[in-house]
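Thanks for coming, everyone. Please take a look at the structure on the screen, and then I'll walk you through it.

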Amino acid sequence: MPITLSRTRLAVAATTVAALAGGAPAAYAALDGQPPATTGAGATGATGATGATGATGRAYVETRLLFGTTRPDGGPAVTERQFTAFIDRYVTPAFPDGLTVQDGRGQWRDSTGMIERERSYELILLYPAAQGGSRDRSVEEIRATYRRLHGQESVARIDEWVRADF
């Protein structure tokens with residue numbers, strides 16, 4: 001018995017395929033490190049739908065740094081007081097307009113192949129995209145300083161293009 005599709009089913013299938021295909025270029029552009037599209041015809045807006053009204057705000061970079069607290073040499077873990085002092089001394093002067101710190105629990109594979117589980121902190125920085133070059137140097141100095149002061153193998157960094165309005 002041959003399979004037949006109703007016109008309604010066929011129309012729904014065609015619409016779904018068209019919507020998915022139309023959104024793919026914007027998604028791939030974002031994955032390639034390109035800034036998100038701005039407002040205008042065919043731009044991806046706040047709703048994520050092509051042709052929707054655009055997002056408000058200006059272009060920013062959101063940088064997240066992940067700081068572990070367990071020392072690879074077996075020394076005492078970085079305390080909350082030590083981490084707060086680190087933020088006050090090294091991060092706040094470089095990013096005085098604001099930042100966010102969140103407590104976390106993380107795990108990762110260290111250089112010896114062991115899975116390490118530890119208390120961690122996530123630092124979130126938001127700065128205008130136009131300041132990317134100078135802010136990049138500051139972020140790298142923060143990472144290097146924490147590694148040196150607290151005997152860490154690494155500090156993870158994640159950067160994303162976002163739009164923000166205050």
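How are H2 and H3 oriented to each other? Keep in mind that this is a predicted model. H2 covers residues 80-91, and H3 covers residues 132-150. Their axes come within 11 Å and cross at roughly 140°. Angles over 145 would count as roughly antiparallel. H2 and H3 are therefore oblique to each other. The crossing of H2 past H3 is right-handed.

Now the contact itself. On the H2 side we have Gln82, Phe83, Phe86, Tyr90 and Val91. They meet Ile142, Thr145, Tyr146, Leu149 and His150 in H3. Sorted by class, that contact has seven nonpolar residues, three polar and no charged ones.

On to the strands. E1, residues 58-68, pairs with E3, residues 115-128. That pairing is antiparallel, over nine bridges. E1 also pairs with E4, residues 156-164, again antiparallel and over nine bridges.

Put together, four strands make an open, antiparallel sheet, in the order E2-E3-E1-E4. E2 and E4 are the edges, each with a single partner strand, so one side of each has no neighbour in the sheet. From one strand to the next, the twist averages 30°.

Where do the helices go? H2 packs on the sheet and touches E1, E2 and E3, with its direction about 25° from that of E3. H3 packs on the sheet too, touching E1, E3 and E4. The direction of H3 makes about 5° with that of E1.

Technical notes
Residues are numbered from 1 along each chain as its sequence is written. This is a predicted model: local features need pLDDT of at least 70, side-chain atom pairs count only at pLDDT 80 or more; totals for chains, interfaces and linings use all residues. Side-chain values use heavy atoms; hydrogens and water are left out. Axes are lines fitted to C-alpha atoms, for helices over the stretch in contact, and angles run from 0 to 180 degrees between N-to-C directions. Helices (H or I, at least four residues) and strands (E, at least two) are DSSP runs, numbered from the N terminus. Angles under 35 degrees count as roughly parallel, over 145 as roughly antiparallel, 65 to 115 as roughly perpendicular and the rest as oblique. A crossing is left-handed if the near helix is turned anticlockwise from the far one by less than a right angle, and right-handed if clockwise. Contact means heavy atoms within 4.5 Å. Ala, Val, Leu, Ile, Met, Phe, Trp, Tyr, Cys and Pro count as nonpolar, Asp, Glu, Lys and Arg as charged, and the others, Gly among them, as polar. Two strands pair if DSSP finds at least two bridges between them.
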